Amino acid sequence: RRFRGAHYLKVRAYKHTKKRALTTQKYLRYLFDKKLHFTDLLMTTARDVIKFGTGVYILTYETIEKTRKVVVPKTDTKAVQDFTGQPLEEETQTFVVEEDTWYEERPKLEWVSLFDYYRAEDTNRFNTPTWEARRIYMSANDLSSRVRKEDYHENNTREILQQATEKASSEGNKKSLENLPEREIIQWWGWIRVDEDVLAAPERVVITYDKETGKFLKAMRFPYFFEESNFTVINFERRSNDWRGRGVCEKLEHLNDELDKLHNIMIDSAALVASKSFKKKRGADTDFLLEDFYPGVVWTVSRMDDVEVMELGETPVSVHREMQELERLGEKQTGIGSMQMGQESGEISQPTASGQLATLQEGNVLSDEIAKEFTEGSVNIARQTLSMIKQFRPEEEIMEVEDPDNVDSILTETVDIEELIENPELIIVDRSVLEEQEFKNR
């Protein structure tokens, strides 16, 4: 809710740039809400931040080919004669369905899984990595089409698909592109020396290659004007010596080891209690114990006290209480408990209403810290997005804004790229959960 509508993004306005700042602010909010879908991607990235301590975005600029079916009138002319035999032209109109194709240019924001993101390990969160890479899975059809759409190397692409087809044929599978498995494609961003001159400055490049064969598919210079990386890393509990944050999984690692041991003790104890053991007198006739044992079985014994059940007690309660104490300790360390997730507490004694409120308020600290990390990351994304818009200048850019006179209606405005501020001073309007409630009450 705090990120919906991108109202936290505000451009600082000075006296001589007030109008341009307002236009830039409205356009940024429109891009984040309608084009980049930042709020939807935030939910996916937030899971990585909470679990692993790190979430990753990548911002690119793409040209999308769109098609649609349209009905077009078509006029046919044929030569006829009138009743006097004079030549005439007769027109007939029919309607045909044609395919309309157009191209849309826009910045594209994507979530990158931590399992598909790589970077130089000799960097921390204070300096820029020397290289970064991401893995994407691409179907054979998509790989083939990128030769035309994105100038992938034609010969290498043909060889990769040919090898994949031969491999599928040898395994007895169909050889069509639709049945081939997805390819692992690596996109590598890094600095290399393009010229042979040893004194030449290294340049930032983007190299795309197939992981299995190692054949390169595309190589180009970094296509954007800004200098920094187009990857945005969001951290929870930052570290000074590592680019990764510290997530809930790592914070609870030692507690989970202890819980596993206690849980195994409970299972072993319950197995001993549930599976009855017997004791018998020495020399007693116990051949009946070799018979099938099932509910309701009747055994014939010589003496009733020859065989007795060995009492082993019940499952100890202390182990269960110790597990509850460890769970409470984990909730304090992470700020995530059963009440924060809307679940009923499994504890025997329930806290008071004031105790529940205090627990919820402490849990909000986690939400506030993560929200602040995302708002800081959104500043970097907003600045890079404006730089891309200034660089590629999409034609006839239109944005939707709310009607100040009628909240329920939406107005459209044409965006003048020249009016946008190149490097605006962004202000993050952010309030914590408690401050938000006080603001509403006020």
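# Exercises on a predicted model

Val 71 is exposed, its relative accessible area being 58%.

## Exercise 1: a nonpolar surface patch

Determine in which strand Val 71 is found, and which residues make a nonpolar surface patch with it.

Solution. Begin with the position: Val 71 belongs to strand β2. Next comes its exposure, where the relative accessible area of 58% has to be set against the cut-off for exposed residues, which is over 50%.

## Exercise 2: salt bridges between strands

Work out which parts of the chain are tied together by the pair Lys 108 and Glu 62, by the pair Glu 99 and Lys 69, and by the pair Glu 110 and Arg 134, and then find which residues form one network.

Solution. The general principle is that side chains of opposite charge can pair when their charged atoms come close. In the structure there are 28 salt bridges, and three of them are followed here one at a time.

Step 1. Lys 108 and Glu 62 form a salt bridge through their side chains, at 3.7 Å from N to O. Because Lys 108 lies in strand β3 and Glu 62 in strand β2, this pair ties together parts that are 46 residues apart in sequence. Lys 108 is partly exposed, with a relative accessible area of 27%, whereas Glu 62, at 18% relative accessibility, counts as buried.

Step 2. Between Glu 99 and Lys 69 there is a salt bridge whose closest N and O atoms are 3.7 Å apart. Glu 99 lies in strand β3 and Lys 69 in strand β2, so the parts that this pair ties together are 30 residues apart in sequence. Both Glu 99 and Lys 69 are exposed.

Step 3. Glu 110 pairs with Arg 134 in a salt bridge, with the closest N and O atoms 3.4 Å apart. Since Glu 110 lies in strand β3 and Arg 134 in strand β5 (residues 131-138), the pair ties together parts that are 24 residues apart in sequence. Arg 134 is buried, with a relative accessible area of 9%.

Step 4. Salt bridges that share partners join Glu 62, Arg 106, Lys 108, Glu 110 and Arg 134 into one network.

## Exercise 3: the nonpolar cores

Identify the members of the largest nonpolar core that touch the most other members, and name the element that gives the most to this core.

Solution. The largest nonpolar core has 48 residues, of which Tyr 27, Phe 32, Phe 38, Tyr 57, Leu 109, Phe 374 and Ile 381 touch the most other members. The elements that each supply at least two residues of this core include α1 (18-35), β2 (54-81), β3 (87-112) and α8 (353-392). Of the contributing elements, α8 gives the most, with nine residues. Another core, of 12 residues, lies apart from this one, and among its members are Met 138, Ala 140, Leu 180 and Leu 217.

## Exercise 4: the course of helix α2

Compare the reach of helix α2 with its expected span, locate its bend, and list its buried residues.

Solution. Helix α2 (residues 38-52) has 15 residues and reaches 20 Å from its first C-alpha to its last, which is close to the 21 Å expected at 1.5 Å a residue. At Thr 44 the helix α2 bends by about 30°. Its buried residues are Phe 38, Leu 41, Leu 42, Thr 45, Ala 46, Asp 48 and Val 49. Just after α2 comes Gly 53, whose phi is positive, at about 90°.

How values were computed: Residues numbered from 1 in each chain as written. Predicted model: local features only at pLDDT ≥ 70, side-chain atom pairs only at ≥ 80, totals over all residues. Heavy atoms only, no water. Helix = DSSP H or I, 4+ residues; strand = E, 2+ residues; numbered from the N terminus. Expected span 1.5 Å × (residues − 1). Bend = angle between axes of the 7 residues up to and from the residue. Buried < 20%, exposed > 50% of the residue type's maximum accessible area, 1.4 Å probe, protein only. Core = buried A, V, L, I, M, F, W, Y, C linked by side-chain atoms within 4.5 Å. Patch = residues over 30% accessible without salt bridge, like charges linked within 9 Å, V, L, I, M, F, W, Y side chains within 5 Å. Areas by Shrake-Rupley, 256 points an atom, 1.4 Å probe, with all protein chains shown as cover. Salt bridge = Lys/Arg side-chain N within 4 Å of Asp/Glu carboxyl O.
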